[in-house]
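Visitor: I have a structure to go through. Can you take my questions as they come?

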Amino acid sequence: MRKVAWRLLPVLMLGYFIAFVDRVNVGFAALQMNHAIGLNAAAFGLGGGLFYLTYVLFEIPSNLAMQRVGARLWIARIMVSWGLVSAGTAFIVGPNSFYAMRLLLGAAEAGFFPGVILYLTQWFPAAYRGRIIAVFMVAVPLSSFIGSPLSAALLQLDGLFGLQGWQAMFILEAVPAILLGLASPWLLTNRPQDARWLETEERAWLVGRLEDERRQAGPRASHAKLADVLLDRRVLAAALVYAGASGASQCLSLWQPQIIKSFGLTTTQTGLLNAVPFGVASIAMLWWGKRSDARNERVWHTGMPLALVAASLALVPLAQLSLPFTIALLIIAVACTYVFKGPFWALAADWMPGAAAAAGLAQVNAIGNLAGFVGSAMLGAIREATGSFALALLPIALISAAGCLTLWLVQRNR
């Protein structure tokens, strides 16, 4: 299993790292871009959230296509597509073109994350998934930990190739996605049965163990109809739970640079401070995923972080005049949205074994990410109407609290 992890995880983590940089770098671009093309807070919030609309619409078709085409080629196609679209965002000229490029970016990236989660379940037995998913997903906070000061630095490249700083940032940060996408067919292997880099005995053991788990999942896993999966009570409940963390995570990734800069900091200071919550999250999520596996417990390891997200965001209005207090609450909120993910996705995969997994995991991710669209649009509208970021975060806290309540109700009724 260590050999499998070292072979696959670096490629997948790098891909997800790049994906998140290209998805949320618009939050840093906004420090220059909004003025340059005439975006107010409401328009930026709507455009930022539109990404999730097409991301949701194309999520399930993309995951089903990956099952037919194979992970190597489909993941490569996704990477190249989103890289080209992200680079194209450098040439937007106003709100309408901003909206169009965010919609295209969501469609291009759709299916990458649930596709990788499905891919990992095809390689790693259930006992390993909590820590493996946590290791994979540490790429997300790392992308903001490293990407925040990097994006802030790239914004200073005014005049490069005749471009403004925010335009240069979009183009330069899109190139790695295209290059990794082109290389992925040679770096990934579709199934354990095809892994010539494993010894014969290792390959036979892994294939046998995964087959045993599939058989133990029962007939429902192998004969699930798509409609039944999408309307399954557990799938919908998991989606609502995920929305509680996803909405907060997506909104903070987009808006946190502007929240921090509103205290009168420079762009460089904003980039460095914005990285702090994600650095803490990178360490915490590895520890939390390992703890969940060691105790073989998923529900409380999912629910406790979600409750802390809701509580910390609800307290931001009390801290809005204090930068240190605000940063402390953002550290708690951001870290908990990420430590939540390893145990949650291991729990979701256990709920949806076998044939149900491809559509089920995509459905959970799709509905959950709708919270990113709704939350970002509401945050922008409230910020525009009240001038307060603190008040704008309260609906996100409510979404997180609703997700926590849903998890508690599902567990109580099992």
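What follows is a short exchange on the fold, the surface and the cysteines.

Visitor: What kind of model is it?
Guide: It is a predicted model.

Visitor: How many helices and strands are in the chain?
Guide: The chain has 21 helices and zero strands. Its radius of gyration is 20 Å, close to the 22 Å that the globule rule gives for 414 residues, so the chain is as compact as a globular protein of that length.

Visitor: And what does the C-alpha trace span along its principal axes?
Guide: About 60 × 50 × 35 Å.

Visitor: What share of the residues is buried?
Guide: Of the 414 residues, 59% count as buried.

Visitor: What about contacts with a separation of 6 or more?
Guide: In that set, 82% come from residues 24 or more positions apart.

Visitor: Charges next. How far apart are the mean positions of the positive and negative ones?
Guide: They are 4 Å apart, for 29 positive and 18 negative charges.

Visitor: How many disulfides turn up?
Guide: Zero, in a search of the whole structure.

Visitor: Is Cys 251 buried or exposed?
Guide: Cys 251 is buried, with a relative accessible area of 1%.

Visitor: And Cys 404, which cysteine has the closest sulfur?
Guide: Cys 336, at 11 Å, which is too far for a bond.

Note on methods. Residues numbered from 1 in each chain as written. Predicted model: local features only at pLDDT ≥ 70, side-chain atom pairs only at ≥ 80, totals over all residues. Heavy atoms only, no water. Helix = DSSP H or I, 4+ residues; strand = E, 2+ residues; numbered from the N terminus. Rg over C-alpha atoms; globule rule 2.2 N^0.38 Å. Buried < 20%, exposed > 50% of the residue type's maximum accessible area, 1.4 Å probe, protein only. Contact = heavy atoms within 4.5 Å. Lys, Arg positive; Asp, Glu negative; His and termini not counted. Charge placed at Lys NZ, Arg CZ, Asp CG, Glu CD. Disulfide = S-S within 2.5 Å.
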